[in-house]
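Biologist: Please show me the structure, and let us go through the terms used for it one by one.

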Amino acid sequence: MSGSKPDILWSPHHPDRYVICDSELGLYRIGPAGNTETKAGTLPLSEETAATLLAINSDTPYMKCVAWYPKHEPECLLAVGQANGRVVLTSLGQSHNSACKELVGKEFVPKHARQCNTLAWNPVDSNLLAAGLDKHRADFSVLIWDISSKFSPEASATAEKIRLSSVDSDSNSVVTKPLYELGQNDACLSLCWLLRDPKLLLAGMHRNLAIFDLRNTSQKTFVNTKAIQGVTVDPHFPDRVASFFEGQVAIWDLRKFEKPVLTLTEQPKPLTKVAWCPTRTGLLATLTRDSNIIRLYDMQHTPTPIGDETEPTIIERSVQPSENQIGSFAWHPSSQNRMVVVSAANRVMTDFTVFERISLAWSSTTSLMWACGRHLYDCGEDGAEGVMERDIATKMRQRALSMYGHDTVQVWRNHLLAGGNDPQLKSLWFDLSYILFVGLTSALTSPIPMRNSHMKQCAEDAELKLQGNKQSVVYSGIKNIVKISSGTSESRKCWSGSDRQVHVPRYHSEERCLALRLCGWISRGPDVVGVEPFLRSLEKEREWERAAAVALFNLDIRRAIQILNKGASADDGDLNLNVVAMALSGYTDEKSSLWREMCSALRLQLKNPYLYIMFAFLTSEPGSYDGVLYESSVAVRDRVAFACMFLSDSQLPRYIDKLTGSMKESGNLEGILLTGLTKDGVDLMERYVDRTCDIQTASFCMLKGAVDVLKDPRVQCWIENYRNLLDAWRFWHKRAEFDIHRGKLDPSSKPLAQVFVSCNFCGKSISYSCMAMPHQGRGFSQYGVSGSPTKSKVTSCPGCRKPLPRCALCLMNMGTPVSNCPEPGKSEEKVDPIREDKLAQFNNWFTWCHNCRHGGHAGHIHSWFRDHTECPVSACTCKCMQLDTTGNLVPSDSS
């Protein structure tokens, strides 16, 4: 525009056309860059789009404001406000029908010349065009023209002739009589028609915002404010209006027009334009002078303020469409969050899309949702079922449903509750079962259970011995056992089943024997210590290679060969085991023999680690068994048992320390056998949690530790996070069961009572007062929690003998037993008498609303709020049920 910065107007009906208003009018068509013809007037807007110049209009000088006709026909009719106050209708070189030809060139001239500041077409009655002018003491500043009106011959006074003398046009194209005149002796800086009523016009006058009703022009609604520029109505909320003054934006609610509902952050420079996004709810864009940044205010979640002093919250962000200073911008009328900006200096245009903030929501059940704009995505991974089963959150959730970790009688069964397919968990729970059974002492005389089939019988007896004596059975780990090893004796034993009587050195002590029992290799009887039960259990589970290796390490080569032959002849056996048995049968201890040479060379090709270590053992020198001890594919318990049998007192502690350090560093749960439930065990478990995030296993495992372990901050953190996780899953019953389980193992974790029922008159706790009377029992049983009328009950305060409050429903004093309140639809179902007894006790509890303080028996209140949300007291209007945000939630673990 003349002497000012350019502006942009989008066509209301053609989403690919817009007008640049400066010293002249330029009509552009926007399209894909690849399809746009490369000719004069084609300008790149972005990597994907370009604009083609369609027409230029230079016939309207001194432009101050422009408005596009809102109807389809005439197609490209524009109203141009000029510096002298005239409003001219013009077009942009399009083919015109007869109606358009009559309108193009028509002028609307005010009585007194002054600048036209703003124009606004009525969106419903498109013949009405409002113009806002500067102040004149004898004239109106808001003129509403009817573009279909004709020139009036009687309006031909001398003043009119002087005013129109400079207009060289047909007298029928000049209109001097407006349809409405508003805002006398004032200035109008901005205008907009209200969407809720086409007869209402909002005007930013000199010192106030005014709403004019065309049905009664003598009255107006106004509010005094400085924010009178750039008034614009939110297209999604017709009662929300934005305006600005200098660097401050005011948001108005027309239903509460006394003051702004929100004042946006003041900018250091004056604002030049504000505009609501037509495709996005509650998104307002603002532009300041001499800036290349557009600031956005997101009011999508802004609630209507309840009180006068309440201000809604907003989200602010800034975008930079281009490096040049921005002269103006315009939202695209239909493309989401899209705008075109034009630079202030040289009309450089940019097509820009404002990308939405991406909101992520990750539920506790591993569902991931994210929103961008109008789209909501449910993000899943390919092969969802298989992938989700490997996710630790899903695993823990499924294990919680199966009561994982709660089996304290047959501790080893917990790995079956976890699915039974994790070898580390299997090793952990078997270790814990031995730990809790054997403990630090070796006073047990009954056989240690070797495998699943033997565990139940002994574990039930052990549980009785361990209750109340937890500290004595806390296990300090093989690492500490071998450190105190003393009285070790060395013996040389010959191979059993071999023709050659070769003596192999082995080591024996009570501590080593205890370690072997903890590893599960031997069972202890009154007189005999043997490995045969362990071998039979391995054969039963079809672990042929492992059984053969254990037999070989016990120097029974004939037994190892028998096991391999048996495995080869089994239904799903490996026939190659026969070949291995044949190789074993040719064993010789001669260092230069061909057998030793071939076994040393070919054992590396064996895929099964137990077959590999068998030949590594046979080809190793006494005391040098690195090929066995450092084979990571072999179970830790087997390597430790081998070390206890064949390493000397100087070698064994060094190896155990090194292996323990490796287990702790990798977070391998098999290392619990070495560390025990000690500080070292907590360190190992910390690495395991860091690697897997399995706080569930860590919590249940460490609960079996000593008091100093339970007080470790890391252990407390795992336990509390697991409790919070159960609550997040709405496994409230499971969390309560976990708390009970924790209370049995750690009595110090039991919470103190937090809520007490006190007397309204004396203020004493009713439950405490009842506890002080031993002849009447304890706690809530004093007022009938058992539900039995024959038991003692208290309907008055034991301290002052004043009556207790009455139930709002049955009107009986609290403490009176109530009948059971069965849920509807369950009368014919088979019920659990124990559960029913617990429900009967709960029905008598004191229950009240924290807001209105009304209440009664829990059973009665629960029944009432199944069908009502309002307080049962007739004179009370409290919406008790609606105040409880979790009251309508159903536990996910409920049956």
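**Cavities, cysteines and a sheet**

Modeller: The second largest cavity is lined by Phe553, Tyr610, Ile613, Val628, Val634, Asp638, Arg639 and Phe642. Keep in mind that this is a predicted model.

Biologist: Which elements give two or more residues to the lining of the second largest cavity?

Modeller: They are helix 16 (609-618) and helix 18 (636-646). Helix 18 provides the largest share of that lining, three residues.

Biologist: What makes a space a cavity?

Modeller: A 1.4 Å probe fits there but cannot get out. With a cut-off of 30 Å³ or more, the count comes to two cavities.

Biologist: Which residues line the largest cavity?

Modeller: Its lining consists of Ala400, Tyr404, His406, Phe700, Tyr722, Leu726, Lys734 and Phe738. Helix 24 (713-728) and helix 25 (732-745) are the elements that give two or more residues to it. By class, this lining has six nonpolar, one polar and one charged residues.

Biologist: Now the cysteines. How many disulfides are there?

Modeller: The count comes to zero disulfides. For cysteine 21, the nearest cysteine sulfur is that of cysteine 65, 9.7 Å away. A disulfide needs the two sulfur atoms within 2.5 Å, so cysteine 21 is in no disulfide.

Biologist: Why is cysteine 21 called buried?

Modeller: Its relative accessible area is 1%. Buried means under 20%, so cysteine 21 is buried.

Biologist: And cysteine 693: buried, partly exposed or exposed?

Modeller: The relative accessible area of cysteine 693 is 46%. Exposed would require over 50%, and buried under 20%, so cysteine 693 is partly exposed.

Biologist: What is the strand order in the open sheet of five strands?

Modeller: The order is 1-2-3-5-4, and the pairing is antiparallel.

Biologist: Why do strand 1 and strand 4 stand at the edges?

Modeller: Strand 1 (7-10) and strand 4 (42-44) each have a single partner strand, so one side of each is left without a neighbour in the sheet.

Biologist: What makes strand 4 and strand 5 a pair?

Modeller: Pairing needs at least two bridges. Strand 4 and strand 5 (residues 49-57) have three bridges, in the antiparallel sense. Threonine 42 stands opposite threonine 52 in strand 5.

How values were computed
Residues are numbered from 1 along each chain as its sequence is written. This is a predicted model: local features need pLDDT of at least 70, side-chain atom pairs count only at pLDDT 80 or more; totals for chains, interfaces and linings use all residues. Side-chain values use heavy atoms; hydrogens and water are left out. Buried means under 20% relative accessible area, exposed over 50%, partly exposed in between (1.4 Å probe, protein chains only). Helices (H or I, at least four residues) and strands (E, at least two) are DSSP runs, numbered from the N terminus. On a 1 Å grid over the protein atoms alone, a cavity is a set of points where a 1.4 Å probe fits but cannot get out, and a pocket is an open set with protein on both sides within 12 Å along at least five of seven lines; lining residues have an atom within 4 Å of a point. Grid points are joined across faces, edges and corners, and a volume is the space filled by probe spheres set on the points. Ala, Val, Leu, Ile, Met, Phe, Trp, Tyr, Cys and Pro count as nonpolar, Asp, Glu, Lys and Arg as charged, and the others, Gly among them, as polar.
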